[in-house]
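Have a look at the model before reading on.

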Amino acid sequence: MKPTTRGTLAAVLTGVAAAVGAAAATPAAAVGTVPVPVPLQGVEQSLGMELPEVGGELPLLMPGAPEGPQYVEGRLLPERAVPQLPVSGGLPGLGLRAPVPHVLGDGFDHVALGTPASDLETLAPGLTLDAPLTPPNPEAFGLPDLKLPQAGLLAPVLQTVPGAELGAGGGL
């Protein structure tokens, strides 16, 4: 192998190793939710009884890039004068585990309820406008014609699929 080939191969391998190392470091920073525990262990020990365990998850909001205004033939103003801003995040999650001493019979001494954090995709409201003038009319010596002004509101969008889990059993 020529020295130039070895040098090129070493440079490529170094670049690949750096890219793999950077990719391995990013998932720690890209967490979608933050756990929120509710510490009740001290109260449980001081009272000498089992208390419910409560915890939650708070989502992190991630703003996206809006679609910019788009030119439409026959209009003086772009189609989306105020674009819709996409925001992705999630609905908060909650976990509850409570002791229920043999209320449901033998072997059922705990009840658990969980609502995991679910994805949430939103689009903020937007606005579309059009001027009360048409584009230049060649039949009127390049002057625009009058028309009715147009205004429209782009409705906000909300997409999610929430869920919940309920369980009962011994020592959940």
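The model is predicted, so to speak with care: local features need pLDDT of at least 70, side-chain atom pairs count only at pLDDT 80 or more, and totals for chains, interfaces and linings use all residues. Numbering starts from 1 along each chain as its sequence is written, and side-chain values use heavy atoms, with hydrogens and water left out.

The protein chain holds two helices and 13 strands, taken as DSSP runs numbered from the N terminus (helices H or I, at least four residues; strands E, at least two). An open sheet joins five strands in the order β1-β2-β5-β6-β13, with antiparallel pairing; strands pair if DSSP finds at least two bridges between them. At its edges, pairing on one side only, are β1 and β13. Six bridges link β1 to β2, and Val34 sits opposite Leu58 in β2.

Some strands of this sheet, with their residues:

| Strand | Residues |
|---|---|
| β1 | 33-38 |
| β2 | 53-59 |
| β13 | 165-169 |

Which elements each supply at least two residues of the lining of the largest pocket? They are β1, α2 (41-47), β2, β5 (93-99) and β6 (110-115).
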